[in-house]
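Biologist: I am new to this structure. Please show it, and then I will ask about the terms.

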Amino acid sequence: MTMDEIIDFTAGLDGVLTLRPAPGDGTPEISWGDAFFYYAPDGTLPRTGQPFATVVTKDHPDDTASRLDRPGAYRVNIAAGKEELARRTGPAPAPGTDGTENIDDSDDLDDTVIAHPGYAAAGWLAVVNPAGRTAGAVRELLCTAHRLARARHERRARPGE
């Protein structure tokens with residue numbers, strides 16, 4: 001699976017707003033080259049809430065466990081919910097850990113559904129360099145995250161709730 005295939009698949013889901021930060025658009029340089037997916041059926045960036053999925057292309061100062069400093073490496077991050085996290089990876093990692101302590105080599109992270117290194121407690125999963133082993137799971141998880149984001153949007157749109 002290429003990064004473009006993931007972006008095209010996710011952007012093709014109903015009501016998705018895709019942001020792709022780039023030089024000159026006012027976004028922070030650390031986000032350039034990444035992709036952010038919001039459920040926004042009106043095409044307007046939501047004023048509250050987070051994206052339901054992202055694709056990141058580089059390590060961040062507090063997030064280096066995935067070793068995105070390798071050529072061509074990227075990570076898909078998916079807010080598929082705590083139930084899906086538990087089903088796919090077991091309980092969320094303990095606070096202060098990133099769930100990768102037992103993995104000896106960064107290549108072992110590739111093409112494996114893992115608890116997100118920083119947001120597992122919030123129900124986020126991740127896949128570094130998804131390929132044949134995880135392609136179906138990534139699509140399924142993106143659809144789950146999209147469904148959850150749509151449900152949140154609909155709940156917030158109902159008056160009196």
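This is a predicted model: local features need pLDDT of at least 70, side-chain atom pairs count only at pLDDT 80 or more; totals for chains, interfaces and linings use all residues.

Modeller: Residues are numbered from 1 along each chain as its sequence is written, and side-chain values use heavy atoms, with hydrogens and water left out.

Biologist: What makes β1 and β5 edge strands of the sheet?

Modeller: Strands are DSSP runs of E with at least two residues, and helices are runs of H or I with at least four, numbered from the N terminus. Two strands pair if DSSP finds at least two bridges between them. The open sheet has six strands in the order β1-β2-β3-β4-β6-β5, with antiparallel pairing. β1 (16-19) and β5 (113-115) each have a single partner strand, so one side of each lacks a neighbour in the sheet.

Biologist: How do you know that β4 and β6 pair?

Modeller: Five bridges join β4 and β6 in the antiparallel sense, and the rule asks for at least two. Arginine 75, for instance, has valine 128 in β6 as its bridge partner. Four bridges join β3 to β4, also antiparallel, and there threonine 54 stands opposite asparagine 77.

Biologist: Why is β4 called largely enclosed?

Modeller: Buried means under 20% relative accessible area, exposed means over 50%, and partly exposed lies in between (1.4 Å probe, protein chains only). Five of the five residues of β4 are buried, so the strand is largely enclosed by the rest of the structure. Arg75, Asn77 and Ala79 lie on one side, Val76 and Ile78 on the other.

Biologist: Which residues touch the most other members of the largest nonpolar core?

Modeller: A nonpolar core is a set of buried Ala, Val, Leu, Ile, Met, Phe, Trp, Tyr and Cys residues joined through side-chain atoms within 4.5 Å. The largest has 27 residues, and Phe37, Phe52, Val55, Val76 and Ile78 touch the most other members. α3 gives the largest share, six residues. A second, separate core of seven residues includes Leu68, Ala73, Ile114 and Ala126.

Biologist: Why is the pair of tyrosine 119 and tryptophan 124 called tilted?

Modeller: Rings of Phe, Tyr and Trp (its six-membered ring) pair if their centres lie within 6.5 Å; planes under 30 degrees apart count as stacked, over 60 as edge-to-face and the rest as tilted. The centres here are 6.5 Å apart and the planes stand at 55°, so the pair is tilted. Tyrosine 119 is exposed at 53% relative accessible area, whereas tryptophan 124 is buried at 12%.
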